[in-house]
Amino acid sequence: MSYRIVKKIVTGRQAIDGAGVHLVRVLGSGTIRDFDPFLMLDAFDSLNPADYVRGFPLHPHRGIETFTYLVKGEIDHKDSLGNSGRIKDGCCQWMTAGGGILHQEMPKASPRMLGLQLWINLPRDKKMVHPKYRDITPDDIPVIEEKGVTIRVVTGKYGNIGGATQGEYVDVQFLDVAMGPGGAWEMETIPGNTVFSYLMEGSCAYEPEGVIQPARRAVLFSEGDKIHLHAGPEGARMVIVSGKPLREPVAWGGPIVMNTDEELRNAFMELEEGTFIRHG
């Protein structure tokens, strides 16, 4: 078996989005090809509520799925389907925007706001599916302990263990991995899948290179059969994300991602005309 090696390291950039939310845009328009089918990764970690309480007022989405993973904090949400609720520590929410939805996410002041949001592209023939949500609580997530390493199987599978949910349109594997100081861990990966990690806390070396990398960056792995990780002296907490590339054209305008510029123009025209939402 061959190890996947580090292909690219992405540090992202500081950004302000929504009504004034400070975050790090780790993945975006410049990483589409390499990280396909993953479009965007926004990471947030703040002890100051002023960084995020203005939130993301009502806005549209089409053609994507959004996956919000909240390690610490609270976020209220509601949408044009009539859904509303609050996600809290350890919760996550998978939203299929499909053919169109309006929703808002409003973080609440918390001792710490730590988490991320991942955008998953929808295949061409699934861009206009009916929108829906999957809400996941910590009790839904299988937790595996392996020699001092804690693996939370959020989506997909780890070995024979199925996660809290499975992707319907893109088979995404999303693991939350916590390693103690100096801990080592390796896992087999799915051939042909895009595989990357995002280190939320601590530091980690990715074998066989062995160079310690600090937190708050995404590491894209090459092709191979498995990855091997070695935590730094303070330990490491990261997510490991995997999915099969779509290899389809991408036309991206703000919150809408389609395959052609014409589809994109039509979506924004429907927003102006009030015909964007096609469901009750």
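Biologist: What do the side chains of Lys 108 and Asp 76 meet in?

Modeller: The side chains of Lys 108 and Asp 76 meet in a salt bridge, at 3.8 Å from N to O, where a salt bridge is a side-chain nitrogen of Lys or Arg within 4 Å of a carboxyl oxygen of Asp or Glu. The two partners belong to distant parts of the chain, with Lys 108 in strand β10 (residues 101-108) and Asp 76 in strand β7, 32 residues apart. Helices (H or I, at least four residues) and strands (E, at least two) are DSSP runs, numbered from the N terminus.

Biologist: Before I go on, what kind of model is this?

Modeller: This is a predicted model, in which local features need pLDDT of at least 70 and side-chain atom pairs count only at pLDDT 80 or more, while totals for chains, interfaces and linings use all residues. Residues are numbered from 1 along each chain as its sequence is written, and side-chain values use heavy atoms, with hydrogens and water left out.

Biologist: OK, back to Lys 108: what is its relative accessible area?

Modeller: Lys 108 has a relative accessible area of 34%, so this residue is partly exposed; buried means under 20%, exposed over 50%, and partly exposed in between (1.4 Å probe, protein chains only).

Biologist: And which residues do salt bridges that share partners join into one network?

Modeller: That network is made of Asp 45, Arg 112, Glu 201 and Arg 216.

Biologist: Then which residue does Arg 86 form a salt bridge with?

Modeller: Arg 86 bridges to Asp 76, and the closest N and O atoms of that pair are 2.5 Å apart. Because Arg 86 lies in strand β8 (residues 84-87) and Asp 76 in strand β7 (residues 74-79), the pair ties together parts that are 10 residues apart in sequence. Arg 86 itself counts as partly exposed, at 39% relative accessibility.

Biologist: How about Asp 17 and Arg 25, is each one buried or partly exposed?

Modeller: Asp 17 is partly exposed, at a relative accessible area of 29%, whereas Arg 25 is buried, at 16%. Their side chains meet in a salt bridge of 2.7 Å, again from N to O.

Biologist: How many salt bridges does the structure hold?

Modeller: The structure holds 14 salt bridges, and the ones we have discussed, including the pair of Asp 17 and Arg 25, are a selection.

Biologist: Switching to aromatics, how many aromatic pairs does a search of the whole structure find?

Modeller: The search finds 8 aromatic pairs, where rings of Phe, Tyr and Trp (its six-membered ring) pair if their centres lie within 6.5 Å, and planes under 30 degrees apart count as stacked, over 60 as edge-to-face and the rest as tilted. Among them is the tilted pair of Phe 67 and Phe 174, at 4.8 Å centre to centre with 50° between the planes.

Biologist: Where do Phe 67 and Phe 174 lie in the chain?

Modeller: Phe 67 is in strand β6 (residues 64-72) and Phe 174 in strand β17 (residues 173-179), so that the pair links distant parts of the chain, 107 residues apart. Phe 67 is buried at 1% relative accessibility, and Phe 174 is buried at 1% too.

Biologist: What about Trp 119 and Trp 252, how far apart are they centre to centre?

Modeller: Trp 119 and Trp 252 are 5.9 Å apart centre to centre, in a tilted pair with 40° between the planes. Trp 119 lies in strand β11 (residues 113-121) and Trp 252 in strand β23 (residues 251-253), so the pair ties together parts that are 133 residues apart in sequence. Trp 119 is buried, with a relative accessible area of 6%, whereas Trp 252 is partly exposed, with 24%.

Biologist: Which residues form one aromatic cluster?

Modeller: One cluster is formed by Phe 67, Tyr 69, Trp 94 and Phe 174.

Biologist: Last topic, backbone: which residues does a cis peptide bond join?

Modeller: A cis peptide bond joins Asp 36 and Pro 37, with omega about 15°, and Pro 37 lies in the loop between α1 (32-35) and β4. Most residues other than glycine have a negative phi, and most peptide bonds are trans.

Biologist: What is phi for Arg 216, and what is it for Arg 247?

Modeller: Arg 216 is not a glycine, yet its phi is positive, about 65°; its place is in the loop between β20 (212-214) and β21 (218-221), and at 45% relative accessibility Arg 216 counts as partly exposed. Arg 247 also has a positive phi, near 55°, and lies in the loop between β22 (226-243) and β23, where Arg 247 counts as exposed at 66% relative accessibility.
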